[in-house]
Amino acid sequence: MEYRELRGGKEKVSLLGFGCMRLPRLYPDKPEIDTELGQRMVDYAYSHGVNYFDTAYPYHEGLSEPFIGAALSKYPRESYNLVTKLPTWLINGEADIEHYFNEQLQKCGVDYFDFYLVHSLNAERFETVQKLHIFENLCELKAKGKIRHIGFSFHDKPDVLERILAAHDWEFAQIQLNYLDWELQDARRQYELIEQKGIQCTIMEPVRGGMLATLTPEAVDCFQQANPNVSTASWAIRYAASLPNVLTVLSGMTNFDHVTDNVATMEAFRPLSQQEREVIDHALAAYRKAVTIPCTGCRYCMDCPAGVSIPEVFAAYNRYATSKSRSMFEELYHALDAGQRADNCVACGTCLPKCPQHIDIPKHMKEIAALAEKKG
């Protein structure tokens with residue numbers, strides 16, 4: 001396994017991080033985790049050198065933290081980094097900080113967290129951080145030995161990131177970065193700002209919720225022609241990992257094949273060559289010809305008051321956009337219960353401020369409903 005050393009610290013962190021937002025489910029439409037398969041995945045990752053396990057309070061509707069805490073409990077506590085995040089949107093007063101933190105310790109069955117993040121910061125939530133002295137409170141918990149490293153995860157514009165970085169002595173920052181968002185969401189500028197601050201970044205959504213593992217046939221063909229022996233997803237993982245200021249690349253692994261493929265990529269890790277970067281450029285140009293909705297399936301938009309299954313609706317549409325297969329769209333779309341489909345959207349807007357990708361969800365739901373009604 002490839003490792004990177006935390007700047008200012010002595011510990012080495014595996015370049016592959018195990019993301020616990022998309023663990024295997026017992027049922028596709030329910031949050032319950034397939035703990036048997038999940039345990040096998042964690043064991044495989046750990047035995048192959050992965051030592052960074054990232055969860056959060058809302059993942060799997062609160063089930064992710066207790067799962068990963070239990071899954072890792074068989075191993076020496078000092079042999080892995082357990083990472084979780086403060087649910088900033090639930091903090092209404094300073095007392096809430098320690099309340100939720102202690103709840104997370106209990107759920108994970110540990111005495112401390114190795115890396116602890118203020119979750120999903122944007123301009124509005126950063127006001128809460130400042131007003132309620134969240135960073136200062138976390139520093140007090142660190143002084144008590146309950147946190148080893150303090151950082152934040154981010155979903156907003158670079159100018160907001162610049163303000164957040166300047167406000168406190170953060171030890172690391174987590175951003176969404178992949179070869180599509182390098183320009184689309186200006187991940188390049190975000191990466192540069194973190195580098196200028198003198199801290200490292202951890203990467204989320206390197207495969208953009210699986211989007212960069214499927215792509216269009218034309219884009220996949222670019223990768224297959226360059227190297228038919230590796231997965232399409234591995235190109236995206238290596239893209240993020242090739243950046244020198246990246247501490248770890250988080251992959252939200254849903255099945256056992258994801259784990260084995262990601263481990264194989266990082267065990268024999270090679271930074272991208274210039275020729276390989278050109279392959280990615282060609283594949284990306286081919287992919288951009290398909291008009292897709294930039295949903296990562298994070299489910300922060302859920303639950304929808306009208307019952308619409310937003311990520312699944314978008315997944316069905318994106319499969320249509322990349323394949324141009326009407327039958328594939330109808331198969332995925334009509335596999336949803338009638339009450340979960342796009343035509344149930346009432347454009348209430350509840351989902352809009354929750355979406356890290358800033359997608360105009362009601363607008364797209366109207367378009368997809370019209371597509372579903374269209375014959376032929």
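This is a predicted model: local features need pLDDT of at least 70, side-chain atom pairs count only at pLDDT 80 or more; totals for chains, interfaces and linings use all residues.
Q: How many helices and strands does the chain have?
A: The chain has 16 helices and 10 strands.

Q: What does the radius of gyration say about the chain?
A: A compact globule of 376 residues would have a radius of gyration near 21 Å, and the chain, at 20 Å, agrees with that. Along the principal axes, its C-alpha atoms fill a box of roughly 65 × 45 × 45 Å.

Q: How are two packed helices described?
A: The description uses the angle between their axes and the distance between the axes. Here, helix α10 (residues 217–226) packs with helix α13 (residues 274–287) at an angle of about 160°, and their axes are 7 Å apart.

Q: Are α10 and α13 roughly parallel or antiparallel?
A: Angles over 145 degrees count as roughly antiparallel, and α10 and α13 are therefore roughly antiparallel to each other. Their crossing is right-handed.

Q: Which residues of α10 and α13 meet?
A: From α10 come Glu218, Ala219, Cys222, Phe223 and Ala226. In α13 they meet Val279, Ile280, His282, Ala283, Ala286 and Tyr287. Sorted by class, this contact has nine nonpolar residues, one polar and one charged.

Q: Why do residues three or four places apart in an α-helix point the same way?
A: An α-helix has 3.6 residues a turn, so residues at that spacing point the same way. Among the contact residues of α10 are Ala219, Cys222, Phe223 and Ala226.

Q: At what angle do α4 and α6 pack?
A: Helix α4 (residues 123–131) and helix α6 (residues 158–167) pack at an angle of about 15°, with a distance of 10 Å between their axes. That angle makes α4 roughly parallel to α6. The crossing of these two helices is left-handed. On the α4 side the contact is made by Ala123, Phe126 and Gln130, and on the α6 side by Val160, Arg163, Ile164 and Ala167. By class, five of these residues are nonpolar, one is polar and one is charged.

Methods. Residues are numbered from 1 along each chain as its sequence is written. Side-chain values use heavy atoms; hydrogens and water are left out. A polar contact is a pair of N or O atoms within 3.5 Å; within protein, one must be able to donate a hydrogen and the other to accept it, and residues adjacent in sequence count only if both atoms are side-chain atoms. Helices (H or I, at least four residues) and strands (E, at least two) are DSSP runs, numbered from the N terminus. Axes are lines fitted to C-alpha atoms, for helices over the stretch in contact, and angles run from 0 to 180 degrees between N-to-C directions. Angles under 35 degrees count as roughly parallel, over 145 as roughly antiparallel, 65 to 115 as roughly perpendicular and the rest as oblique. A crossing is left-handed if the near helix is turned anticlockwise from the far one by less than a right angle, and right-handed if clockwise. Contact means heavy atoms within 4.5 Å. Ala, Val, Leu, Ile, Met, Phe, Trp, Tyr, Cys and Pro count as nonpolar, Asp, Glu, Lys and Arg as charged, and the others, Gly among them, as polar. The radius of gyration is taken over C-alpha atoms; the globule rule is 2.2 Å times the number of residues to the power 0.38.
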